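Please keep the 3D view open as you read.

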Amino acid sequence: MNSIRIDINRSKGIIDRNIFGGFAEHLGRCIYGGIYEPGSPLADEDGFRRDVFESLTRLNMPLIRYPGGNYVSGYRWQDGVGPAEERRAQLDLAWKSLEPNTFGTNEFIKFCRKLKTEPYLAVNCGDGDMREARDWVEYCNGTQPTYWVKQRQAHGFPEPHNVKYWGIGNEVDGPWQIGYKTPQEYARALTEFAKVMKWIDPDIKLIASAVSVWEHDVVERAQLMIEQAGSLIDYLGLHWYVGNPTDDFATYMAIPEMLEERLSAYEGLIRALRLDNKLTRPLWIAVDEWNVWYRTHPALGKPMNNLEEFYNLEDALVVAMQLNLFIRHAASVKMANIAQIVNVIAPIFTNPNGHFLQTIFFPFELYSRTCGNVALDVVVETETFSTADSSGVQLLDVTATLDEQRNQLVVYVVNRSQADDIETRLSLLEGYFAGDVQISTVNGKDIKVENTFETPNNVGTTQTSMNADGSVLTYTFEAHSVTAMVCSLT
Ligand code: AHR
């Protein structure tokens, strides 16, 4: 029989809740018409969409990255502060749009504080300079009576915003980026930006723009960044997007194997470079853009349509497996940001009258709301499948977490079989189940089913429960589903 064996004493690392982060960019209808729509009957007194806000609350995101993305590489943060009527509209060259700048730093931070999430700001390391970056830190976090601090106060914020997370640039390794940088150019810029930003506020955490192009320069970039800025930066930022452009379910379901390779390689790279550079401080990984994106991806020759991608059930499975990956790599991945949060390749989709929840909303919500603080080692034995690129891929993709305070085990299982329910024996090497097991399952009638405004419940989460004592239980995981089993232990 298929089996999952769990050792609750074998930790794979402490899970940082920041792996459930989000990302909001000035792109299409993410900000305007997404989270912000002053004048709409659905908006609150600050112009934030109440309905969107409620669904975002369900996702329980600990931090949100802003304002880009490619957008940030041409962004002047000063254009987005001060009285709204005096703000300068600008052409955004990244997405070829007109940016009114009526939503900027203070609106974003207000939004985050309301949502009880931390702001993560990315600075312009494209056509921007380190003076602007440093001034932005000062504007947000400064306490001395400087020009920028007084500006913030004049703009209605007497107290510092205390923005903890700051990214330096976005996808600087991509030729599509405004101000693309060679490995040498970025390592230099990173070091100088990081230096002055930390001189303004030594408590901030810095994220370097490490990899978005996975085909070349990965090692050289890491080497130069760590050699030059290893004592200044806190995270190395990785980006990836995956998809099913050839409409091949098995190949799509095996994509996490490739992501596993990338993450393991990058972990090894950081370890080797820390050793070489005698760095004793940790350097974490932030996967600060990840998701499914292929139907509206310009690099795949698709019309961009404001990146308004409609997701189906198979995409939800792939989102869940990426969360499994972050849990498995909890020892090194200390932040991850699903890109994005509303309308633009997002779990929430609006129109002026309301919104619906895309299929990918449900696994994210499930994991974010149930995940424990310790990643556990699991041993899985199931049937396997092979594709052109991967062989021996297990049908069940499994992780488990422990909530030490509640003595609660959560087992996450993605059944990537298109046709078969899989009966599985789940056993604990130590400890016992303590009765009630709450089971949540994300599924729909077939792998291609989507949610829409007209049919918003094609994919959703259903609940059931079972009783378990002793150290073994048996459960049948539905075909093409994501399941979380929340088990109390004794
Ligand atoms: O999230 C959409 C875009 O994807 C971002 O602007 C960019 O960083 C990435 O290429």
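This is a predicted model: local features need pLDDT of at least 70, side-chain atom pairs count only at pLDDT 80 or more; totals for chains, interfaces and linings use all residues.

The side chain of Ser417 comes within reach of the backbone nitrogen of Asp420, at 2.8 Å. Ser417 belongs to the loop that joins strand 18 (408-415) and strand 19 (422-428). Is Ser417 buried or exposed? Its relative accessibility is 7%, and because buried means under 20%, Ser417 counts as buried.

**The ligand site**

Now turn to the ligand, which sits in the largest pocket. Its shell holds 13 residues, and the closest are Glu25, Asn70, Glu171, Tyr241 and Glu289.

| Residue | Protein atom | Distance to a ligand oxygen atom |
|---|---|---|
| Asn70 | backbone N or O | 2.9 Å |
| Tyr241 | side-chain N or O | 2.8 Å |
| Gln340 | polar side-chain atom | 3.0 Å |

How much of the ligand does the protein bury? Taken alone, the ligand exposes 280 Å², and the protein buries 96% of that.

**Cis peptide bonds**

Most peptide bonds are trans. Against that background, two bonds here deserve a look. The bond from Ala339 to Gln340 is cis, with omega near 0°. Gln340 is found in the loop between strand 11 (333-339) and strand 12 (348-351), and its side chain is the one that places a polar atom 3.0 Å from a ligand oxygen atom. The bond from Gly68 to Gly69 is also cis, with omega near 15°. Gly69 lies in the loop that runs between strand 3 (63-66) and strand 4 (90-92).

**Positive phi angles**

Most residues other than glycine have a negative phi. Which way does Leu307 go, positive or negative? Leu307 has a positive phi of about 60°, although it is not a glycine. You can find Leu307 in the loop between strand 10 (284-292) and helix 9 (313-328). With a relative accessible area of 2%, Leu307 is buried.

His480 also has a positive phi, of about 40°, and it is not a glycine either. The loop that holds His480 lies between strand 22 (472-477) and strand 23 (481-489). His480 has 9% relative accessibility, so it counts as buried.

How values were computed:
Residues are numbered from 1 along each chain as its sequence is written. Side-chain values use heavy atoms; hydrogens and water are left out. A residue is near a molecule or strand if one of its heavy atoms lies within 4 Å of it. A polar contact is a pair of N or O atoms within 3.5 Å; within protein, one must be able to donate a hydrogen and the other to accept it, and residues adjacent in sequence count only if both atoms are side-chain atoms. Accessible areas come from the Shrake-Rupley method with a 1.4 Å probe; for residues, only the protein chains shown count as cover. On a 1 Å grid over the protein atoms alone, a cavity is a set of points where a 1.4 Å probe fits but cannot get out, and a pocket is an open set with protein on both sides within 12 Å along at least five of seven lines; lining residues have an atom within 4 Å of a point. A molecule sits in a cavity or pocket if more than half of its atoms lie within 2 Å of its grid points. Helices (H or I, at least four residues) and strands (E, at least two) are DSSP runs, numbered from the N terminus. Buried means under 20% relative accessible area, exposed over 50%, partly exposed in between (1.4 Å probe, protein chains only).
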